[in-house]
Amino acid sequence: MRRISGLWRRSLRTRIIAHTVLLSTLVTILIGWVLLQNVADGLADARKSAAIDETRAGMSQAQAYLDAAVGSRPEQQSRVLTQLVEQLTPASGTNRSFDVLLYGPIRGDGLPSVRASGDLNIKDIPEDLVRQVETETGIWWRFSELAVVPNQGPSPVIVAGSRLSFGGDHYALYYVFSLAEQQATLTLVRDSLMVGGVFLVLLLAIVAMLVARQVVSPLQEARLVAEQIAAGDLQRRMSVVGEDDIARLSI
């Protein structure tokens, strides 16, 4: 530790390189964080806009489907609701871009039931979103986390929902959009920024070493010449190259 402390005090070159590496690392981290935040916000906003548009179109389609089945007998209404969920679900498997959940009737005479694609449950929907959909008109949304793929941990999702009318009752229809693709893009950008930042810091360290060598080497030579002159060698002079400020030290 003493050797390192002594090297730090005596070596101007070491301090120049260390300060350059430290400052360049801090600047690289700051710029990378700002860029990553901008990319994340852009991806989230774009996906949110697309999700709301898809939800609005799906709600119109669902309400039109239910309006066409208004004359169904009570024993047929359950099948109509189940078929609605199947019709709204884009594809089977784990590669579909969203899942749907139909819950209701809301505060009706019947016991609320859940019809959903995948393994969705009403408990997967944020509670504040459930309250808002059940009490207010319009389309509402939230960012959340949900295990959309079996046997995997929670992943970011967008949950959007609104109310539907059927047979004198209200039903809540929710769309759950996966953000896995956006998360993968963000991870790729983050990894690229990290690798680029490391190479940038290394490059700046090399530049600092070259600059420090050009500046410090003449100063070291000047110190040695000054020590030799002080020791009595009055004929000792620095070797002069160029006409810059460092070279003029020999005058």
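User: Where does the model come from?
Analyst: This is a predicted model, in which local features need pLDDT of at least 70 and side-chain atom pairs count only at pLDDT 80 or more, while totals for chains, interfaces and linings use all residues. Residues are numbered from 1 along each chain as its sequence is written, and side-chain values use heavy atoms, with hydrogens and water left out.

User: What percentage of the residues count as buried?
Analyst: Of the 251 residues, 31% count as buried. Buried means under 20% relative accessible area, exposed means over 50%, and partly exposed lies in between (1.4 Å probe, protein chains only).

User: Which elements are there, and in what order?
Analyst: The protein has five helices and five strands, and from the N terminus they run α-α-α-β-β-α-β-β-β-α. Helices (H or I, at least four residues) and strands (E, at least two) are DSSP runs, numbered from the N terminus.

User: What's the strand order in the sheet?
Analyst: The sheet is open, with five strands in the order S2-S1-S5-S4-S3 and antiparallel pairing. Strand S2 (113–116) and strand S3 (140–146) stand at the edges with a single partner strand each, so one side of each has no neighbour in the sheet. From one strand to the next, the twist averages 25°. Two strands pair if DSSP finds at least two bridges between them.

User: How many bridges hold S5 to S1 and to S4?
Analyst: Strand S1 (residues 98–104) is joined to S5 by six bridges, with Leu101 opposite Tyr174. Strand S4 (residues 155–166) pairs with S5 over ten bridges, and Ile158 has Phe177 as its bridge partner.

User: What does the S4 and S5 hairpin look like?
Analyst: Two residues lie between the strands, and Gly167 takes a positive phi near 60°.

User: Is S5 mostly covered or exposed?
Analyst: Strand S5 (residues 169–178) is mostly covered, with eight of its ten residues buried.

User: And S1 to S2?
Analyst: Four bridges join S1 to S2, in the antiparallel sense. Leu102 stands opposite Arg115 there.

User: Which helices pack on the sheet?
Analyst: Helix H2 (residues 12–68) touches S1, S3, S4 and S5, and its direction makes about 25° with that of S4. Helix H4 (residues 127–135) also touches S1, S3, S4 and S5, at about 155° to the direction of S3. Axes are lines fitted to C-alpha atoms, for helices over the stretch in contact, and angles run from 0 to 180 degrees between N-to-C directions. Contact means heavy atoms within 4.5 Å.

User: Which residues touch the most other members of the largest nonpolar core?
Analyst: Leu102, Leu164, Leu173 and Tyr175 do, in a core of 21 residues. A nonpolar core is a set of buried Ala, Val, Leu, Ile, Met, Phe, Trp, Tyr and Cys residues joined through side-chain atoms within 4.5 Å.

User: Which element gives the most to this core?
Analyst: H3 does, with five residues.

User: What does Leu173 contact?
Analyst: Leaving aside neighbours within four places in sequence, Leu173 contacts residues including Met59, Leu88, Leu102 and Leu164.
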